[in-house]
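Me: Could you take me through this structure by way of a few questions and answers, with the cut-offs stated as they come up?

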Amino acid sequence: MKPQIIAFYLPQYHPTPHNDEWWGKGFTEWTNVAKAKPLFHGHEQPKIPADLGFYDLRLAEVREQQAELAREAGVDGFCYYEYWFGNGHEELERPFREVVESGKPDFPFCLCWANESWYQKFWNIDGAVVDKRILAEQRYLGVEDYKAHFMARLDAFKDERYVRVEGKLLYLIYQPFDSPEISTFMQTWQRLAKENGLPEFYFAAFTYHADKEGGEIMSLGFDAVVSCRNNRNRVRNLSWLVRKVMSKLFQRPRTIAYKKVWPKLISDLERTDNRYIPVIMPNWDHTPRSGVNGDLFTGCTPQEFGKHCEDVLSSVCAKQNPLVFIKSWNEWGEGNYMEPDMKYGKGMIKALRKVVDKLS
């Protein structure tokens, strides 16, 4: 069976009142992307967008172009991050709201509740966070607030474009252990779905530690685990003391070769167990956000990415639900994107498409 490929989508690229207040007038993720600098010889920064330029997600034509590029790549839908902090407090909601209200682009979608507080972080020289100031606190305010959250998304759930798995509405929760209220939240939404004539939800939890956390996640009532094996320890693979000394001596981020990483981004668990969904990663470079305190993959070429895609996609074809996520479509501040850039153009898009066509 042909895998279903869903790409995570960051709805950040437009000014908002709170970002203006917190980071300065006109701030978007492009601010970090554009000011990034190479931190060692051969470090590929800044990463500059090609076909779409430094776009603004308030423009409908940009969202249409993104969907066209995703179709070209063989991506079957976007998973939009949504930010509901409680009591009606949302952030970055405008692009997805306009997608639902306008009916465009005509491209499948689902949602991932990015349920975590937002902080301004401060690092010390060895990369450890030494202080952080809360900007937006994630709160879990009980059944009435969960109902308000559901009703705010009801039009999306009724939309024919909304992605379904086994006939159920696919909905992701990014931090399954952030609150003991998560089970109550899911139970409330299942009841509300039934009351509003909707199918059940297919709840999936995101984790970097599927081997350790998968069983506990399932016990909370989740149907599946989205297993991203980009555990930072794969990059930060030196002892704390060695990392501290190296950081002081060289003032550079931690690196690891992509060709060493991608074979480890899927295990037998994701290959065989229908409840575990693998994640494909085209690249990673967190330094636009965190400078020398970041970490990154090196050598993320379309050729290596194609090998990664073939490894993952070919391994899930025999599963009942051959679902795969891509992290991500447009996380430029993490160097983690599929969209065309000035280095490789549509290289990542073409590499994925080649594998999709081979498996079709």
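Predicted model: local features only at pLDDT ≥ 70, side-chain atom pairs only at ≥ 80, totals over all residues.

Reply: Residues are numbered from 1 along each chain as its sequence is written, and side-chain values use heavy atoms, with hydrogens and water left out.

Me: What percentage of the 360 residues is buried?

Reply: Buried means under 20% relative accessible area, with exposed over 50% and partly exposed in between, for a 1.4 Å probe and protein chains only. By that criterion, the buried part of the 360 residues is 57%.

Me: Which elements cover the buried residues of H6?

Reply: Helices (H or I, at least four residues) and strands (E, at least two) are DSSP runs, numbered from the N terminus. Helix H6, residues 182-195, buries Ile182, Ser183, Phe185, Met186, Thr188, Trp189, Leu192 and Ala193. Taking contact as heavy atoms within 4.5 Å, the cover includes strand E4 (109-113), helix H5 (143-158), strand E8 (168-173) and strand E9 (201-207).

Me: Which residue just after H4 takes a positive phi?

Reply: Helix H4 covers residues 94-102, and its buried residues are Pro95, Phe96, Glu98, Val99 and Val100. These pack against helix H3 (60-73), strand E2 (77-86), E4 and H5. Just after H4, a positive phi of about 75 degrees is taken by Gly103.

Me: Which strand gives the largest share of the lining of the second largest pocket?

Reply: On a 1 Å grid over the protein atoms alone, a pocket is an open set of points where a 1.4 Å probe fits, with protein on both sides within 12 Å along at least five of seven lines, and lining residues have an atom within 4 Å of a point. Of the 23 residues that line the second largest pocket, the closest to its centre are Glu44, Gln45, Lys47, Lys343 and Tyr344. The largest share of the lining, three residues, comes from strand E13.
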